[in-house]
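Reader: I am new to this structure and would like to learn how to read it. Could you walk me through it, one feature after another?

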Amino acid sequence: YRSSLIFSMETVIQADASQISLEILQLLLNLAEFLEKNKKTELPIDISIIAELALKCRAYARALHYKEREYIMGRGGSCVEQ
């Protein structure tokens, strides 16, 4: 069940934002944050995908948090727009 849940969440997160309600995206962002704080389970979704979700939700503080984590973990990523 876990792998299908992760696949479904990634599909929804990466879908066109105009097709999905902002409330649903916000719920997914809240779920990701809850799972991040719960040390027993970790959401195996790439941090850059969660940062992109936070930007779609206009949750800029959360997006910054995930971009900082991405940078600290050494995954690079584009922290500055070209």
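Author: Gladly! Let us begin with surface: accessible area comes from the Shrake-Rupley method with a 1.4 Å probe. For this chain, in a model that is predicted, the accessible surface comes to about 6,000 Å². Carbon and sulfur atoms hold 58% of that surface.

Reader: What share of the 82 residues is buried?

Author: A residue counts as buried when its relative accessible area is under 20%, and as exposed when it is over 50%. Here 28% of the 82 residues are buried.

Reader: Which elements make up the chain, and in what order do they run?

Author: The order from the N terminus is α-α-α-α. That gives four helices and zero strands. As for how the chain folds back on itself, take the contacts with a separation of 6 or more: 60% of them join residues 24 or more positions apart.

Reader: How do I read the packing of two helices, say H2 and H3? What is the angle between them?

Author: The general idea is to look at the angle between the axes: under 35 degrees counts as roughly parallel, over 145 as roughly antiparallel, 65 to 115 as roughly perpendicular, and the rest as oblique. Helix H2, residues 22-37, packs with H3 at about 140 degrees, the axes being 9 Å apart. H2 and H3 are therefore oblique to each other, and their crossing is left-handed.

Reader: Which residues of H2 and H3 meet?

Author: From H2 come Leu22, Leu25, Leu28, Leu29 and Ala32, and from H3 come Ile50, Leu53, Ala54 and Lys56. Eight residues of this contact are nonpolar, none is polar and one is charged.

Reader: Why is H3 described as largely enclosed by the rest of the structure?

Author: For a helix, one can count its buried residues. H3 has seven buried residues out of ten, so the rest of the structure largely encloses it. The buried ones are Ile47, Ile49, Ile50, Ala51, Leu53, Ala54 and Lys56. They pack against H1, H2 and H4.

Reader: What follows H3?

Author: After H3 comes arginine 58, with a positive phi near 60 degrees, although arginine 58 is not a glycine. Arginine 58 sits in the loop between H3 (47-56) and H4 (60-72). Is this residue buried or exposed? Its relative accessibility is 62%, so arginine 58 counts as exposed.

Reader: Let me try another loop residue. Where does isoleucine 20 lie?

Author: Isoleucine 20 lies in the loop between H1 (2-14) and H2. With a relative accessibility of 17%, isoleucine 20 counts as buried. Leaving aside residues up to four places away in sequence, isoleucine 20 touches Val12, Ala15 and Leu25.

Note on methods:
Residues are numbered from 1 along each chain as its sequence is written. This is a predicted model: local features need pLDDT of at least 70, side-chain atom pairs count only at pLDDT 80 or more; totals for chains, interfaces and linings use all residues. Side-chain values use heavy atoms; hydrogens and water are left out. Buried means under 20% relative accessible area, exposed over 50%, partly exposed in between (1.4 Å probe, protein chains only). Contact means heavy atoms within 4.5 Å. Axes are lines fitted to C-alpha atoms, for helices over the stretch in contact, and angles run from 0 to 180 degrees between N-to-C directions. A crossing is left-handed if the near helix is turned anticlockwise from the far one by less than a right angle, and right-handed if clockwise. Ala, Val, Leu, Ile, Met, Phe, Trp, Tyr, Cys and Pro count as nonpolar, Asp, Glu, Lys and Arg as charged, and the others, Gly among them, as polar.
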